[in-house]
Amino acid sequence: MKKKACGLLAILVLMIALIIIQRNRSKEVYEYNSKAIYVYNLTDDRKVTSKNEDEKLPMASLTKMMTVLVGLEKVNNLSDIAPVDTESYQKLVGENASMAGFFGGELTTYRDLFYGAMLPSGGEAADSIAINISGSQLRFVELMNDKAEELGLKNTHFQNVDGMDDVGHYSSAKDLAMLLKYALDDGNFRAIFTKKDFVSHSTDNHPQGLYMTSTVYEKLKDYEQNGFEIIGGKSGTTDNAGLCWATLSVKNGKEYIIITLGAPYDDIDNPGDGQVRDTLEILKKL
């Protein structure tokens, strides 16, 4: 009887050990690809988790969130004509910057430019917003920095409106989350940020309108979302900034802002998906 009892005890101990091992494996720490991360529960108005949240980093085209926000606050009628600036267009083409697909001099509206800057991350759209409103990018950048100061973004400074790498052009994961939190209160901004695709109004260059899609939604086509949904976002990629993502998601009836900055890549033509995997892993564990 004693041998049988000892045998049963040994089996029980082994089973407990296996359960503990399995639990530890399931709790293995995920190694983030991104240099900095900030996760914010927008519904409950609280921080969830972060990594290097205040580190000043280049943010690539996440810059355009501020460009669009300031632009929306300065424009009364989104249907007003706001042409694509030809000089900026030509410069960006030479720099191989991301473009929405408009042409220099095209008679776009502000609405076209806002969607063009946010969804396909068009540099010509962002630059033209600035020039149509302020006459120059430099003066519009001053408005962006004024807004950053107003919002208390202490680790943010803008040097341009399109997010190209530039000395003194930086933000932090936390600052970008707070910027997005504020911007989402603007109904027009939220509508643009959460749109999957958009067709611009008819112009001589695009009689049927220019069809544009969100770079975030395009990337998500390759991934499953189980128990949560990413409902909007902005992407950004440059050599110095790496892969950057700002997203708005819903899980269990609550909205979450997730900012990821600085996921590395080797080839701009095949940059990988470090920022996507970080975002999805965070959402799985919320």
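Visitor: Which residues of H6 does H5 meet?
Guide: Helices are DSSP runs of H or I with at least four residues, strands are E runs of at least two, and both are numbered from the N terminus. A contact means heavy atoms within 4.5 Å. On the H5 side you have Asp127, Ile129, Ala130, Ile131, Ile133 and Ser134, and what they meet in H6 is Gln137, Arg139, Phe140 and Leu143.

Visitor: How many residues in the contact of H5 with H6 are nonpolar?
Guide: The contact of H5 with H6 also holds 2 polar and 2 charged residues. Here Ala, Val, Leu, Ile, Met, Phe, Trp, Tyr, Cys and Pro count as nonpolar, Asp, Glu, Lys and Arg as charged, and the others, Gly among them, as polar. That leaves the nonpolar group at 6.

Visitor: What should I know about the model and its numbering?
Guide: It's a predicted model, where local features need pLDDT of at least 70 and side-chain atom pairs count only at pLDDT 80 or more, while totals for chains, interfaces and linings use all residues. Side-chain values use heavy atoms, with hydrogens and water left out, and along each chain, as its sequence is written, residues are numbered from 1.

Visitor: How do H5 and H6 pack, roughly parallel or roughly perpendicular?
Guide: H5 (residues 123–134) and H6 (residues 137–150) pack at about 95°, with axes 8 Å apart. The axes are lines fitted to C-alpha atoms over the stretch in contact, and angles run from 0 to 180 degrees between N-to-C directions. Under 35 degrees counts as roughly parallel, 65 to 115 as roughly perpendicular, over 145 as roughly antiparallel and the rest as oblique. That angle therefore makes H5 and H6 roughly perpendicular.

Visitor: What is the angle between H3 and H5?
Guide: The axes of H3 (residues 86–94) and H5 lie 9 Å apart. H3 and H5 are roughly antiparallel to each other. Their packing angle is about 150°.

Visitor: Is the crossing of H3 and H5 left-handed or right-handed?
Guide: A crossing is left-handed if the near helix is turned anticlockwise from the far one by less than a right angle, and right-handed if clockwise. For H3 and H5, the crossing is right-handed.

Visitor: Which residues of H5 touch H3?
Guide: From H3 come Ser88, Tyr89 and Leu92. By class, the contact of H3 with H5 has 3 nonpolar, 2 polar and 2 charged residues. The H5 partners are Gly123, Glu124, Asp127 and Ile131.

Visitor: How many of the residues of H4 are buried?
Guide: Buried means under 20% relative accessible area, exposed over 50%, and partly exposed in between, with a 1.4 Å probe and protein chains only. Among the buried residues of H4 are Tyr110, Phe114 and Met118, and its buried residues pack against H2, H5, H8 and strands S3, S4 and S5. H4 (residues 110–118) is mostly covered, with a buried count of 8 of 9.

Visitor: Is Thr279 buried or exposed?
Guide: Thr279 sits in H10 (residues 274–285). Leaving out residues up to four places away in sequence, Thr279 touches Ile230, Trp245, Thr247, Ile258 and Thr260. At 0% relative accessibility, Thr279 counts as buried.

Visitor: What is the phi of Ala60?
Guide: Most residues other than glycine have a negative phi. Ala60 lies in the loop between S2 and H2, and at 1% relative accessibility Ala60 is buried. Although Ala60 is not a glycine, its phi is positive, at about 50°.

Visitor: And what is the phi of Asp45?
Guide: Asp45 is in the loop between S1 and S2. Its relative accessible area is 46%, so Asp45 is partly exposed. Asp45 isn't a glycine either, yet its phi is positive, at about 55°.

Visitor: How far apart in space are Gly253 and Thr43?
Guide: Gly253 is in the loop between S6 and S7, and is exposed at 64% relative accessible area. In sequence, Gly253 and Thr43 are 210 residues apart. C-alpha to C-alpha, the spacing is 8.7 Å.
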